[in-house]
Amino acid sequence: MTTTGTTTGTTTGTTTLITGISELVTNDGPDWDLGVIPGAAVLVEDGTVTWTGTAATAPDAERTVDVGGRAVIPGFVDSHSHIVFAGDRSAEFTARMAGAAYDGGGIASTVAATRSATDDALRERARRLVGEARAQGTTLLEVKSGYGLDTTQEKRLLGIAHEMTGEVTFLGGHVVPAGYRHDPDAYVHLVAGAMTQACAPSAKWGDVFCEPHSPVAFDEDQSREILESARNHGLGLRVHGAQLGPGPGPRLAVELGAASVDHATFLTDADIDLLSQAAGSGGPVVTFLPVVEFSTRQPYPDARRVIDAGITVAVATDCNPGTCYSNSMSMAMAIAVREMGMTPDEALWAATAGGARALRRADVGKIAPGSRADLAVVDAPSRDHIVYRAGVPLVRALDI
Ligand code: NIG
Ligand code: FE
C-alpha cells in the first residue's frame, strides 16, 4: 500500500480520505447485498465513516490514504472465540486426524492449564491472537470465558477478555468441571446462581454448551436454567447448539430469544422451520464455524438450506485450543464456499454483516455513513480473490 499526505501525528478531528479503492464492499443495503461501489473512496472522521462514493465525487480531506488499486471490505466480525486460555492440545488434534472423535472431554486439560496460568500469561496469548486476527482482517472479535469454571476464575477470565474487546461472553456453562461430575446439577445451580450473579457485571452475553451428545456438556433443562439466569441478570444470550448431533440448542435459542445459535452442524428440518419462523422477528442468527468441522473431522453443515429458508447466517472462527485453533476468517469463508453451499459473496457477507447481526451491532460489518471505520484491505483488485486464493494472507485490517 502506498500512502500519501500526512500520515504521522495525531489524527483526532482530522478527516481522512481513503482512495485508490478498486472496489468497495459496503454491505449498505438489504441482507446479502454487498453494495459494491467500483472505483470508490471513503471519508473517515474520528474513527467514523462519514461518506462513501465514487472517487470522482469524493470530498476534500486533510489527509489521504491511497490503497493502491486494492479492494476494501468491512473488517471481519468474528462473533465467536475462546482465546483466553493456557496449555496446548495439538496432540488431541493430531489424534483426531487419525480417527479419534471429539466429545468435549479435552476441555478439562485446558481448564487445568488455565487455572494455574498467571494473568500475564493469559493476557499475552490472548493479545497475540487478537493481533494475529487483526493482521488477517478481523476488526471486531467476541471473546468467551469458559476455561475457569469456578466463580473466581471465570471472573478473572472475563476481566482479561474485556481487555481485548467489548463483546465479552460469560460461559461458566461450558462443561461440568471434574469436581462436580458426581452431581452435575449442583454445578448447574452454581452457574445459574452465585456464578452468574458475580460474573454478569463483567459480561455482555451469556452462553452455554447445550449438547446432550457430550458426556460433559449440558442437556436441555440444564441449559435453560443457565440461560434464563443469564437473561435475568441482564445478559444477551448465545447458545452452542447442535454441534455433535441434533439437539435442543437451536430450539432453546429461539424460545429464549438468543441473538445467535452457534455451530448448528446438525440442524433438523424442525429446527430450520423454527428458526425460519423466528427470522422475521429478529430471531437467532445461525453462526456457522466451518473450521471446527475441519478440525474435528465432522460433516460440514448445509448452509444453503439455512440461507434458502430465510435465516440470517454468520460465519465465524470459534478460535479455541480444542476444536479450532485458527483465527482465519478467510479460511472459514473458503470452507463455507467449498463445502457448505455458500457463494463467495454470501460467505463475505456472513463474515462481516452476518457477524455484526449475531452481535446485534448496527455500527460494524458495513462501511456506511455513521459506521465505525473498521476497514480491511484485500491485497488484490477484487473481493473474489479472498476465496479464490485460499490460504494466502491477502486480507488485513487498515490502520487509518
Ligand atoms: O465451541 N463446544 C464447546 N466449546 C468449544 C470447544 C472448546 C474446547 O474443546 O476447548 C467449541 O467448539
Ligand atoms: Fe465455541
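Colleague: Are His82 and Asp318 buried or exposed in this model?

Modeller: The model is predicted. In it, His82 and Asp318 are both buried. A residue is called buried when its relative accessible area is under 20%, and each of the two is placed in that class.

Colleague: Why can the pair His82 and Asp318 be said to tie together parts of the chain?

Modeller: His82 lies in the loop between strand S5 (76-78) and helix H1 (90-97), and Asp318 in the loop between strand S13 (313-315) and helix H11 (329-340), so the parts tied together are 236 residues apart in sequence.

Colleague: Which residues of helix H8 are buried, and how do you know on which side of H8 they lie?

Modeller: In H8 (residues 269-279) the buried residues are Asp271, Ile272, Leu275 and Ala278. They cover an arc of only 130° around the axis, which puts them on the same side of H8. Asp269 and Gln277, on the other side, are exposed. An α-helix has 3.6 residues a turn, so residues three or four places apart point the same way.

Colleague: What do the buried residues of H8 pack against?

Modeller: They pack against helices H7 (249-256) and H10 (303-308) and strands S11 (260-263) and S12 (285-288).

Conventions. Residues numbered from 1 in each chain as written. Chains lettered and ligands numbered in written order. Predicted model: local features only at pLDDT ≥ 70, side-chain atom pairs only at ≥ 80, totals over all residues. Heavy atoms only, no water. Helix = DSSP H or I, 4+ residues; strand = E, 2+ residues; numbered from the N terminus. Buried < 20%, exposed > 50% of the residue type's maximum accessible area, 1.4 Å probe, protein only. Arc of directions from axis to C-beta. Contact = heavy atoms within 4.5 Å.
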